[in-house]
Amino acid sequence: MKKRISVAAPCLRENEKRYVQQCLDTNWISSAGEFIPRFEKAFAALTRTRFAISCSSGTSALHLALLGLGIGPGDEVIVPTFTFIATANAVTYCGAKPVFVDSEPETGNLDPALLESLITPRTRAIVAVHLFGHPVDMDPVLSIAKKHGLKVIEDAAEAHGATYKNRPAGSLGDISTFSFYGSKMITTGEGGMICLNDPEIAARIDLLKNHGMQPDRRYWFPVVGYNYRMTNLQAAIGLAQAEEFDWHLKRRQEVARTYNQALQGLRNWIDLPQVREWASHSYCMYSVVLRPELKLSRDEFMDRLAAAGIETRPFFYPMHTLPPYLEQKKYPVAEALAPRGVSLPTHALLSEEEILAVAQEVRKLCPSS
Ligand SMILES: *Cc1c(COP(=O)(O)O)cnc(C)c1O
């Protein structure tokens with residue numbers, strides 16, 4: 001049987017093994033140990049923020065970021081309807097209400113032009129999700145936030161290495177969050193990071209992620225906290241990945257370039273990922289949208305590729321169509337994109353041969369040009 005091509009895969013190299021072995025050899029496998037501060041320091045350098053705080057997942061990073069900003073019951077937080085559910089859930093965990101915003105058609109990211117109409121006296125923050133690795137148009141988001149006194153959280157779970165006007169995603173708002181799940185640009189298996197510049201909020205997040213224990217007073221808990229810590233084992237893998245970050249980013253961008261060239265001729269049937277003039281795309285996922293001219297449903301398209309040994313991934317369902325967040329209100333752009341979107345295999349281990357094989361199978365599903 002032909003080798004299956006998976007949609008995502010971690011890419012572990014030499015130092016991951018070496019550093020993990022060091023944890024095992026020294027007995028430091030829990031949430032203390034040298035790799036945690038080393039990974040945090042390396043990651044802060046990548047995002048050009050003063051603080052990077054490790055935690056257990058991208059979801060706990062979002063929860064801690066919102067708590068750090070003081071989001072709580074009765075508050076409203078604007079989040080895109082077109083995102084992974086963790087973005088909305090983290091708002092719900094705080095007792096706050098996610099208020100959804102529709103996408104702009106080019107990138108699927110939140111449409112800044114729609115934000116102001118959603119702001120009420122209860123609105124406290126906006127979560128900008130840099131979907132698939134393409135940054136949100138942040139300047140209008142930041143100026144609207146400033147005008148209305150709102151905080152801006154960047155959900156950069158998919159955007160390690162992306163830039164907006166030459167500044168790293170994750171350095172643009174009040175606070176940002178990253179995920180190191182297995183499919184992301186770099187991984188720790190499960191894990192997350194919160195990046196920010198404000199020392200007071202950083203201290204509050206440190207407290208909350210460690211059961212709420214006062215750092216200078218053992219077993220004294222001034223607040224109800226969480227155990228959202230990362231382990232030294234995870235940080236060992238993360239440090240090795242962060243040290244070779246440029247390589248990981250370059251590989252994904254090469255994968256995208258090869259897809260772009262190979263799929264160029266199919267633009268009558270498939271919309272390829274767009275890159276705005278002020279952005280660099282990190283290609284966490286190379287995602288395409290099937291045009292209505294392609295008389296094939298997205299699920300059929302995925303099934304046909306699966307039959308050829310190629311794993312793909314459908315776009316997220318918009319949040320307002322899911323049981324916990326169901327709304328009658330229409331979000332036309334997200335509703336049009338979601339059922340026609342599919343992510344092609346995107347990871348650092350893909351060979352040029354494999355990418356061309358994917359493109360070849362995609363070509364077979366398009367009418368001959
Ligand atoms: C992956 C992801 C998350 C959640 O990260 P986990 O580490 O899986 O908890 C949150 N938001 C977005 C946009 C993601 O892609």
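The buried residues of helix 4 (residues 85-93) are Ala86, Thr87, Ala88, Asn89, Ala90 and Val91. Buried means under 20% relative accessible area, exposed over 50%, partly exposed in between (1.4 Å probe, protein chains only). Helices (H or I, at least four residues) and strands (E, at least two) are DSSP runs, numbered from the N terminus.

This is a predicted model: local features need pLDDT of at least 70, side-chain atom pairs count only at pLDDT 80 or more, and totals for chains, interfaces and linings use all residues. Residues are numbered from 1 along each chain as its sequence is written, and side-chain values use heavy atoms, with hydrogens and water left out.

**Exercise 1.** Find what covers the buried residues of helix 4, then look at what follows the helix.

*Solution.* 
- Step 1. The cover includes helix 3 (58-68), strand 2, strand 3 (97-101), strand 4 and strand 5.
- Step 2. Gly95 follows, with a positive phi near 80 degrees.

**Exercise 2.** Explain why strand 4 (residues 123-129) is largely enclosed, then trace its partners.

*Solution.* 
- Step 1. Six of the seven residues of strand 4 are buried, so the rest of the structure largely encloses it.
- Step 2. Strand 2 (residues 76-80) pairs with strand 4 in the parallel sense, over three bridges. Two strands pair if DSSP finds at least two bridges between them. Glu76 stands opposite Thr123 in strand 4.
- Step 3. Strand 5 (residues 151-155) also pairs with strand 4 in the parallel sense, over five bridges. Here Val127 faces Ile153 in strand 5 as its opposite residue.

**Exercise 3.** Describe the lining of the largest pocket.

*Solution.* 
- Step 1. A pocket is an open set of points on a 1 Å grid over the protein atoms alone, where a 1.4 Å probe fits, with protein on both sides within 12 Å along at least five of seven lines; lining residues have an atom within 4 Å of a point.
- Step 2. The lining has 28 residues, and Phe84, Glu158, Tyr181, Lys184 and Phe316 lie nearest the centre.
- Step 3. Helix 3, helix 4, strand 8 (175-179) and strand 13 (313-314) are the elements that give two or more residues. Helix 3 gives the most, with three.

Notes: Contact means heavy atoms within 4.5 Å.
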